[in-house]
Amino acid sequence: MQTSTRNTVLLERSRTAVWHPCTQMKQHETLPIVPIARAQGCWLYDCDGKRYLDAISSWWVNLFGHAEPRINAAIIDQLQRLEHVMLAGFTHEPVVALSERLSALTGGALGHCFYGSDGASATEIALKMSFHFWRNTGRPDKTEFISIAGSYHGETLGALSVTDVALFKDTYAPLLRHSTQVPSPDWRQAAAGVSAHDHALQCAQVLELHLEQHHARTAALIVEPLVQGAAGMAMYDAEYLRQARALCDRYGVHLIVDEIMTGFGRTGTFFAHEQADIKPDFLCLSKGITGGYLPLSVVMTRDNIYQAFYDESVTRGFLHSHSYTGNALACRAALATLDIFKQDDVIAANRGKAQRMTAATKKLAAHPRVRHFRSTGMIWAFEVDSAGPAFSRHFFEAALAHELLLRPISNTVYFMPPYSINDAEIELLATRTLAILEKIS
Ligand SMILES: *Cc1c(COP(=O)(O)O)cnc(C)c1O
């Protein structure tokens with residue numbers, strides 16, 4: 001990629017002073033860092049005014065495009081009232097209103113909201129709360145967690161313990177608690193002739209065998225519903241969630257549903273777990289919750305769990321905290337996000353957009369090197385055959401040259417665009433991705 005002086009200066013300063021996430025910094029000797037000066041709608045603009053379609057919603061957080069006027073206005077309004085106050089012993093309208101509205105979105109089943117600042121902290125909170133619930137109810141032996149093969153729940157030590165991505169986990173193995181992984185219902189792994197539904201049932205049987213033997217020591221099963229993001233957008237049948245819910249009930253184990261990526265309409269329903277017609281014991285939300293504006297996460301849970309902490313004894317309470325818990329600006333951004341879902345009838349509008357996207361990607365799906373072309377709601381993914389070891393980097397660079405931000409996970413290319421993507425942008429994304437594929441063949 002050619003870079004002008006303005007771009008070059010900023011990326012050199014960044015290389016020196018900023019330690020970038022999820023990056024071997026030495027690769028930036030050759031791989032460019034893209035200096036973004038501003039953003040509008042689906043487009044990011046670098047310091048020279050070159051543009052990139054944000055086809056992965058800036059790491060899965062953006063919902064309605066950048067600089068969305070209604071979210072901007074809400075944050076500015078809140079800024080003039082209250083930017084932040086500690087949430088221990090204090091409260092404010094945005095955090096109360098947000099908790100009430102999120103609870104209503106679960107049909108009132110999950111009526112208690114505990115806030116954190118990012119996805120990993122939500123996972124930590126859910127794991128600790130589950131364990132502490134069992135301890136408070138006379139079951140201190142329930143200390144084990146189960147997750148699904150290939151799962152991703154964040155990278156702090158507790159969250160990494162239930163994450164199953166070797167690249168992130170292996171180095172830190174000596175620091176982590178043991179957890180058990182059960183087979184993934186990912187339909188790409190189904191045996192020949194086995195449907196996604198039947199594969200889900202087979203995987204649920206393995207889960208049952210594990211629970212049968214280990215339920216007495218198991219606190220919770222944690223799952224990414226319908227789509228396992230970091231595993232490479234592995235998609236699975238909702239039947240697995242129905243089975244998992246029934247098994248967790250039967251064996252007295254909590255079901256933690258991590259909707260950090262899938263929540264807020266990404267899979268076609270407001271929450272992915274709605275497609276299985278189940279309710280979790282703990283629901284983790286983050287990423288899209290503020291429309292992609294500000295860090296915020298929440299763990300929602302049921303009244304019976306909340307009641308097990310409600311006591312004269314201080315230490316039976318959940319003594320967990322983060323400095324920015326329930327930040328007022330972030331909560332206002334989240335409220336504005338929920339307003340947009342109503343005002344724009346987003347879930348219904350996305351159904352039309354998803355159809356247009358799937359139609360626009362027909363040629364791509366039929367390309368001889370493309371395998372397992374798939375979609376769930378507003379996520380599309382496919383594997384590229386005979387991709388070399390540096391495929392992801394090469395594809396990323398080629399995409400930038402075609403005005404696209406795409407960041408494959410090994411040989412899996414995926415689209416997770418802002419919901420505000422329009423027909424022309426859908427067309428551009430589909431045709432240019434095809435061109436990139438041709439080019440790096
Ligand atoms: C991104 C993600 C997390 C971690 O969130 P961070 O904000 O990056 O800590 C956890 N679970 C899932 C499913 C995610 O996609």
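Buried means under 20% relative accessible area, exposed over 50%, and partly exposed in between (1.4 Å probe, protein chains only). This is a predicted model, where local features need pLDDT of at least 70, side-chain atom pairs count only at pLDDT 80 or more, and totals for chains, interfaces and linings use all residues. Residues are numbered from 1 along each chain as its sequence is written, and side-chain values use heavy atoms, leaving out hydrogens and water.

View 1. Because its relative accessibility is 44%, L157 counts as partly exposed. You'll find L157 in helix α6, residues 157-162 (helices are DSSP runs of H or I with at least four residues, strands are E runs with at least two, all numbered from the N terminus).

View 2. To count as a pair, two strands need at least two bridges found by DSSP. Look for L44, whose bridge partner in β3 is Y52. Four residues sit between the strands of this hairpin, and G49 takes a positive phi near 85°.

**View 3. β3 meets β15.** Strand β3 also pairs with strand β15 (residues 404-405), this time in the parallel sense and over two bridges. Check out D54, which stands opposite L405 in β15.

**View 4. Stepping back to the chain.** In total there are 15 helices and 16 strands. Buried residues make up 53% of the chain's 441 residues. The C-alpha atoms fill a box of roughly 65 × 60 × 45 Å, taken along the principal axes.
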